[in-house]
Amino acid sequence: MKHTVSILFIFISSLAWAQNPGAKTEKDFYEIKTLPIPQDIYLEIGGIATMPDGRLGVSTRRGEIWIIDNPYQKESHQTYYRRFASGMHEILGLAYKDGAFYCSQRGELTKVTDTDRDGVADRYEPIYQFQLSGNYHEYTYGPVFDKNGDMWVTLNLAWVGFGEGKFSKWRGWLVKISPDGKLEPFAAGLRSPAGYSINQEGDIFYGENQGDWVGSGRVTHLAKGDFAGNPGGLKWAKEPNSPFKLTLDEIPDNGSPMFEAAKKVKNLKLPAVWFPHAIMGISTSDILQDTTGGKFSPFPGQYFVADQGQSKVMRMGLEKVNGVYQGFCINYREGFQSGILRERFGLDGSMFVGMTSRGWGSTGKDDFGLQRLVWNGLTPFEINMIEARPDGFEISFTQAVDVNSVKKAASYALRSYIYKYHHQYGSPIVDVKDLAIKGIVVSADKKKVRVVLDQIRQYFIHEFKLTGVKNEAGELLLHETAYYTLNQIPAGDKVLLNASNSPIVEKVALEKKMSKVDPAKTTTLISDNEAMALLKKHTCVACHAREEKLIGPSFTDISKRKYSDKQILALVYKPNPKNWPDFATEMAPMSHVPAKDVLKIASWINGLTQKKANDALINRD
Amino acid sequence: MKKLFLLLLMPCVSWAQQEIPLNDLRAFDQPSTNWTIEQAVKANYTDTSFQVSLGKGVLLNTLRNGKYKRSDDLKFKLNHGDIRLILDFMLPKGANSGIYLQGRYEVQLLDSYGKKQRMKFGDCGGIYERWNDARGKGNEGYEGYAPRQNACKAPGLWQTIEIDFQAPRFDANGKKIKNAIFKKVILNGILVQENMEVSGMTRGSLFDKEAALGPITIQGDHGPIAFKNLRYETYERPTVSLGDLNYTYYEGVFTNLQANNAPPLLKGKTTEITGKTIKVQKDFLLVYEGELNVPESDTYEFISHWTGKGRLEVDGQVLNQGDYWYSDRVSHSKVLSAGKHQLKLSFSKDFSWGNRALGLFVKRIGSHLVALHARTSLPDPEAVGLIEVKAEAEPVYQRSFAFHQGVKKTHVIHVGDPSGVHYSYDLNQGAILQVWRGKFLNATQMWENRGEPQTSEPLGLNQVLDGKFPLVTSGQAQPDSVNNGQWMYKGYRIQHGRPVFLYQWNNVMLEDNLVPNSTGTGWTRTISWKPAQGTKPTFDLVLGTSASVVKVQPGLISLNENQYFIQWNGGPETVQNLANGKQQVRIPVEGNSISYQVIW
C-alpha cells in the first residue's frame, strides 16, 4: 500500500505542479471514495449491477457474484459482503432485473436466481450458450438490457498474434438476445468491446481498444448492420441471418485512414469520437451517459468513458450533425486504484467504478478495487461542450471567460490529424496540420466562444489546447486539452471576419525556428526537470515512470537495455513490442514527437544507469 | 504471450526401463511358496482376497502355509544402487505390504483407501519410520514421512507406484558420507514424496547395516498382494563426456546459423557449454565444437534447450534443429559406436526478448542424465505459486476450460465435495469427464495472469472417464457427441450445495444428479426423467466402454484393465463388441430413473 501511495503521489503531484501553485485539481470537485474489500476476497470486478433496494451486485473474474450491503457508506464506512453465487466462468458483465441477476460467462449468458430466498443462488439457467474455441482472449461482456427487455452482449475476438473471430460463432459481434434465447446478430467489426451502453435515445455505443485494424481507442455508435472496422469476425457475415454481407478481401489494407476505406466499404462505421492513444487512455472500457439529472456531474447528458490501463474516467460530449454522432473527449478524473472495467450509477447518482488489472497492467497499482466517483456539487472551470460550425467550432464553458484571455491567439494551440487503418497493431498519428485561428467571437454571457479556423477537415481529429483561457477569476481550465472528431461539417452561417473578431497577436519574441536537427549529432544533456517537462508534454508519463513499472517499463529499465539514443529514437517512432514481452499493452508509435525532443529524452534515459552507477560509487562506504 | 508457449510445452519425461519377466519366479531369490505367477487377479473392493485366473504375467502372494512369516518376504535377484522402479500392484481390502529399496528402506503399500484422517508415514506411499530401541520405550520410532495426500485406489484395482531412489554413498573406508534419498515417489500419478532423505534403515530391513547395493524386497508377511509390469532402470553404465571443446563467438545477423567467413569476436578453448559467453541480447552466433567421448556403443539421447535458433550436429549429422523457447525439450537419439565423435552446437537469436539460455543433456539407458552445459547457462522456470480451490466446508463448483484426453473442453464444471471426492463434467455433453479424490482443483493456469491455456486441473487421484452422455435410445449406437439439436442444456439447480444438471433430450426432461456414495469413496449418479405425455421411452444406459471388461460379480464390473469400478442395482449387463475393438457395457433401463456408482 505504501508503494501505491507513493506512485500516485508522484503522478498526481507532477501534474499539479504544471499548473499554478494552489490551482484547483480534479479532486477538489470529483471525489473518489474507496469501498473496503475483505482481504480474502479476490474482487476482480467484471460486472456491477446496482440493486433497487440499495445494495450492490458485483461479479468477478473468479466467477462469483457478491452482494454488498451499505455500498453508499452512509452511516458507517464499513460494507458487508455476501457471496450470492459462485463457480461461474470469468463473469465480465452483470445486470439485475426483476429479482434476478443476469451475467455473461465466457461461454454462456446466464440467469441466476435464489428461488428459496436464503440469500444464495440455487438456479443457474442458460439464456444462451456461446460457442468457444477455448482461446484465452474469447471474452464475453454483458448483458445490457434495453427497454424491451432484450439483452445485448458483445463477444471479444480470440488472439493468435492478431484478432481472430473465426474459431467460434459471432466472435467480434454485438448480438441481441431475447429472454427466451433467440440470438440476433446486430453489428460486427468489434475487436475488444469491453464496454458499451445504450443512451437515452436508445442508441448503442461501444468503446474499442487500440489493436490490429484499430489505430487508437475510440467510441463508435453501432446501428444494425454496421461494421466497426476489425474484420476478425467477418466469417459470420456469411451466415443467413447476418444483417450484412462483407468479406476481408473487400477491405483496403493500405494504411489510408479509415474514412477513405469507408468510402469504398458501405458498412464500415467511423467512430463517433476518437480517443487519441496514450493521451485519452490506452484501453477504453465502459461508457455511461450521465442520466442522473445533474447529480453525477455538472455535465448532464454527456458520457463518461473509463480507461483500463490509465485508471481514469474521461468525458465525452456528443452532438448529431447530419444524423451522424460526433463530438469531443476530455479528461475528467484520474487516480483510481486499479484498471477500470465497469461503471454503473448508484441510486444517489454517484458512479461505482469496478476494477481489475490482472493480465493487463494499469496505472492504479492495486490488483483490483471498487471505488465510487462522487461530485461534490462545486463546478470547476471546464470546457462544457464543443460543437462543430461550418467554419470552425463553438466551445462553451461552465463559467464566464476572461474575454481578454480568449481573444489572444496565444491562448490556443490547435491541430488536426488522423490514424492509419491497417492490419498492423495501432498506428502513429498521420497527416498532422497545425491550425490557425482566424476569428474569435465571444457570446454575450461570455460562456461561449466561437473560433473560426483557417482549415477544418472532415473526419479528422481536431486537437484543442486552451492553455491560456481563463475565467473571470483568472483561473485556468481544469482540463485544457480536448479532441473533437469531425465526421460531418454542419451547414449554417459562417462568421464574417473583421477587425473586431480577429485574434489578438501579442508582440512576444517568437521562438527561433530551429534549423533541421541532425539526429546523429544531438547529444544535449538535459536536467531532470527539463526531462520531466518533455515527458509530460509528449504524454510519455501516461505509461512510463522513472523507477516504477506502469503500463510500460520504467525509464531506468529502458536505460539498462543500453540502446543508443538513435536506437531509442527508432523505437519510439516504430516500437517493437517483442522487446518487452512481459508487458501486456503494446506501445503506440509516437512518430509525431519531434526527433530533437526524443533524442533529448533518450540521452536523459541513458544517463539514468550511469547516474546510478555514480551514486553507487559515491555511497560506497 | 511467451508464457503461453512455455506452459504448453512442459517437458514430458519418458524413461526407458528394463522389465522383469513374470513368466516364472526366476528373477527372485528363493521365494516362499506363497509367491506364484498367475494370469490375472480380481476382487470386489470389499473382498480381502483375490479371485485368481491361471497363467502368466502377474506375481501373487497368497497365504498357503498357515501364518505369514518373515521368510515370506520376496527378495529380488536384482542388486541395485540408484534405481528408478515402476510397478503395478493390487491390494485386497485391508492389505499391508511394502517395497524395500536395497532391502533396507521401505515405501509403504497399504490399503489406505477411504481413509479420511491425516495421512501418516504408515499409509500407502509413506516412507516408513526408522527405529532405535536405544531411544527408550515409546520413543523408538522416528523420522518417517507421510505422503502428501491419500492417493490410494480402491482394493481390487491396479495401482501404479514409481520410486526414484538414490542409494547412500560411502567413502573408501566404507563410512557413509551421504544418506539415501527418495528423490520421488509417485503413487497413481500423484507426487507424494520428493527429495526425502532417510538417515538410516527401516526397522524391517533385511540387513544390519547400510551398503552401496542391495536387493529390492517386497514385504510378504502381512497378507495378499499382486504385482505386474515390474520395470526399472539402474545407472551403473558409463556415459559420454566432452573433450577438446572450442568455441567461436560472432556478433551480427547470421541466418541459418552460418558464420559465412565473418571474423569471430572471441574464440578459444573451454570445458563447458555456456550461453554466458554471449555479450549481446540479440544478433549473435555462438558455436561450440568438440569431441564427444563415447565409452560404449549404444543409443544416446541428446536433449537440447535454447531460446532462439539452434542446431546440434554429431559427426556432421543434424540431430536437433529449430526455433524454440528454453523450456522446450528437444530430443533426438543416435546410435554411437565407442570412441571419439564430433559434436557441434550452434546457437543464435535474432530477437531481443528472452534469455540467452543454452543447454544440452545426454541420456543413455542405464546411466544418469548428464549436462554438458554449465549450470548457469540454463535458467530456472518462472516461479508461479499454486492457486488452489478447496472444498473443505461445503461442496464447491467451478467452471473453467479443461483438457480431456488431449482435447480442450470449454463448458466444463468441476464439482468438489468435502467428503473428498470430486468430478469434472462437460455441460455441453451431459457427461462426466473425470473423477478424482483428494485435493480439489488447481486453478493457477486460469487465475494467474491471463494467457493460454486457461485450464484447471485435478489436484488428486484422477480417473479419466469417456466424457460421453450415457443414455442411448435402445438399440442405437452411442454417438460421440449429443450436440445434434435433439439435446439441450438447461442449466443446473443447487441441491444440498451440489449442482443437479438439467437437460431436454428428445422431448424428455432429464435431471442428472451426482452425490457422494454412502462411504464417501465414489460418486453415485442418478439420471431421472419425465417422459412426454403418452410415451414410454426405453433407453440403454452405457456403463462404460473399455478395451476389456472384467465382471467382478453381478452388478459390479471393472473397466480399463481394472482401473475403476462401476456398480449398479438391477438388471444384468450386456457387452457389445464395437467396431473399434472395444467392448461396451450397457444395461437396459425403463421407468423414470437409473443409478450407478463410479468407484476408483
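The model is predicted, so to speak of local features requires a pLDDT of at least 70, side-chain atom pairs count only at pLDDT 80 or more, and totals for chains, interfaces and linings use all residues. Residues are numbered from 1 along each chain as its sequence is written, chains are lettered from A and ligands numbered from 1 in the order in which they are written, and side-chain values use heavy atoms, with hydrogens and water left out.

I begin with chain B. Its domains are domain 1 (18-234), domain 2 (238-377) and domain 3 (388-599); such bounds come from an automatic or database domain assignment. Between the C-alpha centres of domains 1 and 2 of chain B the distance is 41 Å.

Next, the strands. Helices (H or I, at least four residues) and strands (E, at least two) are DSSP runs, numbered from the N terminus, and two strands pair if DSSP finds at least two bridges between them. An open sheet of five antiparallel strands in chain B has the order β2-β5-β16-β7-β8. Its edges are β2 (28-29) and β8 (105-110) of chain B, each with a single partner strand, so one side of each has no neighbour in the sheet. Within this sheet, β5(B) (residues 74-80) and β16(B) (residues 214-218) are joined by four bridges, and N79(B) faces P215(B).

Further along, β39(B) (residues 508-516) and β40(B) (residues 522-530) run antiparallel, with eight bridges; L514(B) has R525(B) as its bridge partner. These two strands form a hairpin with five residues between them, and G520(B) in the turn has a positive phi of about 70°. Strand β40(B) also pairs antiparallel with β47(B) (residues 593-599) over seven bridges, where G522(B) is partnered by I599(B).

I turn now to chain A and its helix α4(A) (residues 528-537). Which of its residues are buried? They are A531(A), L534(A) and L535(A). These residues span an arc of only 100° around the axis, which puts them on the same side of α4(A); the arc is that of the directions from the helix axis to the C-beta atoms. On the face turned away from the buried side are the exposed residues N529(A) and K537(A). Buried means under 20% relative accessible area, exposed over 50%, and partly exposed in between (1.4 Å probe, protein chains only). Just after the helix, T539(A) has a positive phi of about 60°.

Finally, F167(A) lies in the loop between β13 (163-164) and β14 (174-177) of chain A. At 38% relative accessibility, F167(A) counts as partly exposed.
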